[in-house]
Amino acid sequence: MSESYEFLFKFLVIGSAGAGKSCILHQFIENKFKQDSNHTIGVEFGSKVVNVGGKAVKLQIWDTAGQERFRSVTRSYYRGAAGALLVYDITSRETYNALTNWLTDARTLASPNIVIVLVGNKKDLEAEREVTFMEASRFAQENELMFLETSALTGENVEETFLKCARSILTKIESGELDPERMGSGIQYGDALRRMHRQEKLQPRSARPDCAC
Amino acid sequence: MAFTQKLKSLIGGRQDSLPLPVEESVSDILTVGAGVTKSKVEKKPVNPHEEQEIIDGIEDKYYNNESFDTSLFELQKLPEQLDLEKITEDCVKLRTQLQAVSKRVSELILQNHSAYATELQRVMDLQRTLREAGAVCQSGRRQLSHARESFTIASLGLLANYRKRQQLTGLLKSLRTIKTLQRTDLRLREMMEEEDYCGAIQLCLECQKAASTFRHYKCISELSSKLQDTLEMIEEQLDVALSKTCSGFDVQHYQKVQRAYRQLGKTQTAMDQLHMHFASAIHNTAFTIILGYVELTAGSGGAVNFQKRQYTDLCKNITIETFTPCLVDLCKALWEVMKSYYKTMKWHEVHDQEYAQTESEHTGASVEATFNRRYVNQKLEYGRGRIWQDVQQKVKMFVLATNLSGFKLDEFIYVLDIINRMIEIGEEFCGSKSEGLQDSLKQQSLNYFKTHHQMRLDELRMFLENEAWEMCPVRSNFNILQLMEFRFMRKWATSQHLIPENETRKGGESYDDNSAPDGETKSYFSLYLEEGNPFDKQTEEEEKEDVFSGMGDNEDGYADSDSDSDIPDELKKDYIDEITGETHSYKHSKRRPSSRSKGHRQGPLITNTTFNVLRVMGKYLQMISILKPIAFDVISCMSQLFDYYLYTVYSFFGQDSVSVDLINPQSDRSINTRLFTTLQRIRENLVAHPNTPNHIATEKQDTTDKITAPKMSPLVKLSDASTLFGLAERVVATESLMFLAKQLEYLQPYLEELIPSNKKAFLSQFYTQTVNMACEVRKPVYSVVSRQSIIYESVLQQMGTVRWDIKEIMSQHNAYIDLLLKSFTEFQKRLADIDKRVPLPKAVTNLIWEQCVRHANRTFVEGYASTKKCSNEGRALMQLDFQQFLTKLDQIVELRPIPEREFVEAYIKAYYLPESQLEGWVHDHKEYSNRQLLALVTSVDHLGRKSRQKLISMVEEMEKARRT
């Protein structure tokens, strides 16, 4: 808890069931592959402080259930997400085909400026590939998404995915395209910055007793 | 005659010494004498007598002295007056005298000459023989000395030399020995290198003995002192060799060393030394390992000299990243030391037996040996505790020096596992309870857990703030055992017969799984005595023991059972069909929801947050199994999770719209006072209040064990009448709380087992005061809905317009009943709509309806009480209206008994009571408000004015009494 950070980004991990969302998150946080993964019930959560361009950023990641029946539960977590990982399974065309729906959901329910990274997971299963890199990357281009292929098993590109997303958000904050102060931006100032703000507010109050003395 | 004698004696005396020439001188003298006498004799003729006379006339003076100066004498005799004659006379006299003397002398000489000659001859002869004798003597002497030289000295020299030679050979032998002695030093060194201490000591002692026999040599003293040094050196070497035992026990090596010490007669000293070595070995190994890690991490930047630091100081420099490997290494190294000690003990055990056996054969001098043995055994026995104490201390200091709260759970559990293993080893080693380690374990666990818990609470708040209070679809028979986090409890559940038969199969398996490691932990020392390290094994075991990511393959069965709940996508449609079917059906027939369909579709209402809480609780329970010493704290934290959930549900849904404040509970009758106390307790203990001005000042204190109240997600709308004021969310929230409470109740026996007996009171208090209060939350939450969803106000208004002082019996009920019933029906429709989205449990609908009816009934009484005037017929109409309401209500909702039906009926009927009874009735029915009672009294028209006044004052008295 002693971790301090400058920003807090709310992230989402979405995509069809079995694409490996929880495994990606687990790999990202624990640096380990989750062997015995069950279907996620509802929404799970993970957080990690990462260093993005010299800034400590806390990622608050909501790992949603991919199963349809949880759609209504998971949707409520979309609101105010600053970034999202849209995950599909490169060995399952079905999960790839569902991307459009997921994308629409994300764009409509989350913050309009949400930064989405398209993630083709299970890169290690090259032999069973059903979706080519080219195809997915075209889809990403058409929908203005960043794109990476990962392997939650080997950990390849997992951290990069999160970092890439966070970096993009940070760039947008710096360019003024995103305003962290706006409600539902999915961005909060971290402890350090918040304390600064608070101190500013407190200044007059704390100054008074000093004068009295 | 005297003169002759003298002369003779003179001659005679001279015969020896005077050589022959003397004769010549004598004869010379004689010739001179003769010459003199010749001259004299010529002048005076002498006869013998005359001569005698003359001689006799010679003055005596002349005979006196040899050196007599005759001339001077005669001169002195001369008188003063010289008389020539006299002188001449004297002269003649003297001359005659001289002549006489000379003549006599000459005669005497002549007389004695032959004797003289013969005598001289004899003297000459004597002289010659003497000379001869001298020559003989000389030659004899010469020969004698020659003989001596040539014979005696040579042989004696020979003898002397021989003797010397013998002495020298003796010396040479000694010198050779001494030389060997000197050389042995080298040999001793060699032996030392060969670690043949026994031989070396033997040799050294022998040498010393030998040296003492040569004590008389000067060089030996030096040598013997050198030997003493060597012996000391050997002892030192031996000591070093002994110290090697600490780091790695080797039977041969140890045996050698022990034998050597026995030879030195220092078995006891050896034991003392050994313990000292163990102590320092523990310190050194620990220090070296920590130092290594510290230097490793300090890297190039570290100009600081860590070498000089204290161990505790050094421990503080261990970074979080290196903590675990460092701990493992530390434990491994200390294990090695302990293993050595253990082996040493074992050696002594075995060896002692052997020794005792051989000793019993020859019993002599065994007293000391037995004493030694006993000493050694005692020392070892006692030392065991000391060693473990030292080891424990090192590990404890290391463990406590780092704040582990930043660790990930499985990392932390790994650390705990290591420490626990160490404790088990300690237990096996010396039966120690390892208070130190237990204490560090507890301290670290507590610290870790508190931090962990705070994070979980924060996370929970986040979940609550993001919670849209949507139902999370799960299987209808869902219970916590299906959650991965609770899998570990299945065995327990089986033993408690709390889970269905078909699920017990797995329990048996897991039992087998558990029994294996139990056996394994039994004897570290027998398992890892020869090779391996109990702290090595973790690497492969780690995956398996990673309980928090599940238990591997054996949960397939459950995975299936869980993914059953995936299927209900279609099933869910079935539900909805059923529900719609129901909604259709119960307009026509008397609604009797089939228990089958109800039971089938009635899955638990669980929110995502509930899952989170359950998961966290599951993890906490798992933690308890590892963190036994802090079981109470963990359970207490578990209770906080529930507390916070309960508090949140109430604060989100139980106190909106109507200004029900926790400050003033009396404003809302729907809230149970016990629930209120519970809520207030949670608020005080757990919830931080960021808005209070003193918050900042006490921030640190607050954040450590408090958490700010969550803000409801803006997605949830609770003020919309069309959704029945967020009834769906309310139901999900409240029922999820109920579910949580139910799961906790299920866990109660399990927790009872875990919690220390002295803390059981806490648990039962938690259950009675919090968990059991959960159902009480329903009332305030749903009363918000039941109060606002029915148009009681309009009904009341319409009731105000009804005239009750009618004079005829009416057959038609009033319109306000229809209004109310219509509102009820609409409400029922809405409920049905919501039920499609969120299956409403019967208990909930019943409660809502009960609250609605209760409100309606109160509205009736309130409405009836607002009449100023009422007739008997009017009262009958009231009854008719109420009857109509009850009849119609029975068609809408199944509610037996109708709550507070008596409340209305009694109020209506009180009108008919005779004056005498009315007083008692008013007195007994304090549940009606003052206004209502007054209205009753004033509206009763068969009452006399006086008695009415009395009743009114009585009511007013009651009012006063009620206020005070």
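Tutor: Quick ground rule before we dig in: two residues are in contact if their C-beta atoms, placed from the backbone, lie within 7 Å. Keep in mind, too, that this is a predicted model. With that cut-off, Leu86(A) touches a whole list of residues, even leaving out those up to four places away in sequence; among them are Ile14(A), Trp102(A), Val117(A) and Leu145(A). Leu86(A) also turns up in the largest nonpolar core, which has 250 residues: together with Phe11(A), Leu334(B) and Val634(B), it touches the most other members. The biggest giver to this core is helix H24 of chain B, residues 631-654, with 15 residues.

Now for chain B, where your helix pair sits. Chain B has 37 helices and two strands, and 31% of its 964 residues are buried. Among its contacts with a separation of 6 or more, 79% join residues 24 or more positions apart.

Let's zoom in on H8(B), residues 218-247, and H10(B), residues 267-298. Their axes lie 9 Å apart, and the helices pack at an angle of about 50 degrees, which makes H8(B) oblique to H10(B). The crossing is right-handed. On the H8(B) side, the meeting residues are Asp239(B), Leu242(B), Ser243(B), Thr245(B), Cys246(B) and Ser247(B). Facing them from H10(B) are Ala270(B), Gln273(B), Leu274(B), His277(B), Phe278(B) and Ala281(B). Sort that contact by class and you get six nonpolar, five polar and one charged residues.

Conventions:
Residues are numbered from 1 along each chain as its sequence is written. Chains are lettered from A and ligands numbered from 1 in the order in which they are written. This is a predicted model: local features need pLDDT of at least 70, side-chain atom pairs count only at pLDDT 80 or more; totals for chains, interfaces and linings use all residues. Helices (H or I, at least four residues) and strands (E, at least two) are DSSP runs, numbered from the N terminus. A residue is buried if 20 or more other C-beta atoms lie within 10 Å of its own, exposed if 12 or fewer, and partly exposed in between; C-beta atoms are placed from the backbone. A nonpolar core is a set of buried Ala, Val, Leu, Ile, Met, Phe, Trp, Tyr and Cys residues joined through C-beta atoms within 7 Å. Axes are lines fitted to C-alpha atoms, for helices over the stretch in contact, and angles run from 0 to 180 degrees between N-to-C directions. Angles under 35 degrees count as roughly parallel, over 145 as roughly antiparallel, 65 to 115 as roughly perpendicular and the rest as oblique. A crossing is left-handed if the near helix is turned anticlockwise from the far one by less than a right angle, and right-handed if clockwise. Ala, Val, Leu, Ile, Met, Phe, Trp, Tyr, Cys and Pro count as nonpolar, Asp, Glu, Lys and Arg as charged, and the others, Gly among them, as polar.
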